[in-house]
Amino acid sequence: MNKILIVEDEKPINDLIEMNLSEAGYECTCAYDGMTAANILETERFDLVLLDIMLPEVDGYELLEYIKPMEIPVIFLTAKGSVADRVKGLRLGADDYLVKPFEIVELLARVESILRRAGKTQTEIVVDDVVIDTRSRSVRRGNKEIALTMKEYELLLLFVRNRNIALFRETLYERVWESDYMGDSRTVDLHVQRLRKKLHWEEKIKAIYKVGYRLEA
């Protein structure tokens, strides 16, 4: 399980990020100021740090200088959204930069991308009795492999990495089919129905009226 340190001084935002990352299968530790985060980093090893810039005691830029020698990937989470601020953060060594307010699904996608780039992604994901092996791109229940098409597999990964989050149809389409959503939901609906049937997840993948779907797990 990947370990993530969340450094954010606004507790409601920190709590929301921690809740969603935990539900997505990550182990999270929270800090509300830069000094506390530095102390935690002295005693624990993390796979990723989510770092606000405007922090009490030690700001995000200063803390990033402390983190760099540890070779831990860092994503800045901040309201400072100007080009100059983004360039400064990236030049200092941040791996990505996400401007508040942001959608949780986008944060999860950025986290997944950075961990994959750093070679730290989970190779096996377990949801109830279903096991997903991301190296072989295989899915099984017990000793029985479940045959999925490429799009069904990509949908499944998107659902399990965003557990208990309502995903819009346009989000599903744009992430899996990698093209703009044109308003026709039949393609998404057909693939979701087939995925439900193959996994026997008719009760787990819930349809959300006028929105899309949510995996309840």
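A nonpolar core is defined here as a set of buried Ala, Val, Leu, Ile, Met, Phe, Trp, Tyr and Cys residues joined through side-chain atoms within 4.5 Å. Buried means under 20% relative accessible area, exposed means over 50%, and partly exposed covers the range in between, with a 1.4 Å probe and protein chains only. The structure is a predicted model, in which local features need pLDDT of at least 70 and side-chain atom pairs count only at pLDDT 80 or more, whereas totals for chains, interfaces and linings use all residues. Residues are numbered from 1 along each chain as its sequence is written, and side-chain values use heavy atoms, with hydrogens and water left out.

The largest nonpolar core has 47 residues, of which L21, L50, V111 and F159 touch the most other members. Contact means heavy atoms within 4.5 Å. Not counting residues up to four places away in sequence, F159 touches L167, L172, V192, L195, I205, Y213, R214 and L215. Another core lies apart from the largest one; this core has 22 residues, including A37, V49, Y61 and I72. In soluble globular proteins, nonpolar side chains tend to be buried together.

The packing of helices was examined next. Helices (H or I, at least four residues) and strands (E, at least two) are DSSP runs numbered from the N terminus. Axes are lines fitted to C-alpha atoms, for helices over the stretch in contact, and angles between N-to-C directions run from 0 to 180 degrees. Angles under 35 degrees count as roughly parallel, over 145 as roughly antiparallel, 65 to 115 as roughly perpendicular, and the rest as oblique. For the composition of each contact, Ala, Val, Leu, Ile, Met, Phe, Trp, Tyr, Cys and Pro count as nonpolar, Asp, Glu, Lys and Arg as charged, and the others, Gly among them, as polar.

Helix α2 (residues 34-43) and α3 have axes that come within 10 Å and cross at roughly 10°. The two helices, α2 and α3, are therefore roughly parallel. Helix α2 contributes G34, A37, A38, L41 and E42 to the contact, and α3 contributes L63, Y66 and I67. Six of these residues are nonpolar, one is polar and one is charged.

Helix α3 (residues 60-67) also packs with helix α4 (residues 83-92), at an angle of about 20° and with the axes 10 Å apart. This angle makes α3 roughly parallel to α4. Their crossing is right-handed, a term used if the near helix is turned clockwise from the far one by less than a right angle, anticlockwise being left-handed. On the side of α3 the contact is made by Y61, L64 and E65, and on the side of α4 by D85, K88, G89 and L92. By class, the contact of α3 with α4 has three nonpolar, one polar and three charged residues.

In helix α6 (residues 150-160) and helix α7 (residues 169-176), the axes come within 10 Å and cross at roughly 125°. Helices α6 and α7 are therefore oblique to each other, and their crossing is right-handed. The contact joins K151, E154, L155, L158 and F159 of α6 to L172, R175 and V176 of α7. This contact of α6 with α7 has five nonpolar, no polar and three charged residues.

Two further helical residues were considered individually. N20 is found in helix α1 (residues 11-23) and is buried, with a relative accessible area of 7%. Leaving aside neighbours within four places in sequence, N20 is in contact with I104, L108 and I165. H191 lies in helix α8 (residues 186-199) and counts as buried at 17% relative accessibility. Beyond four places in sequence, H191 touches K151, E152, L155 and W177.

A cis peptide bond, with omega about -10°, joins K100 and P101; P101 is placed in the loop between β5 (96-99) and α5 (104-117). N164, in the loop between α6 and β10 (167-168), has a phi near 65°, a positive value in a residue other than glycine. N164 is partly exposed, with a relative accessible area of 29%. K210 likewise has a positive phi, near 65°, and is placed in the loop between β11 (205-208) and β12 (212-215). K210 is exposed, with a relative accessible area of 68%.
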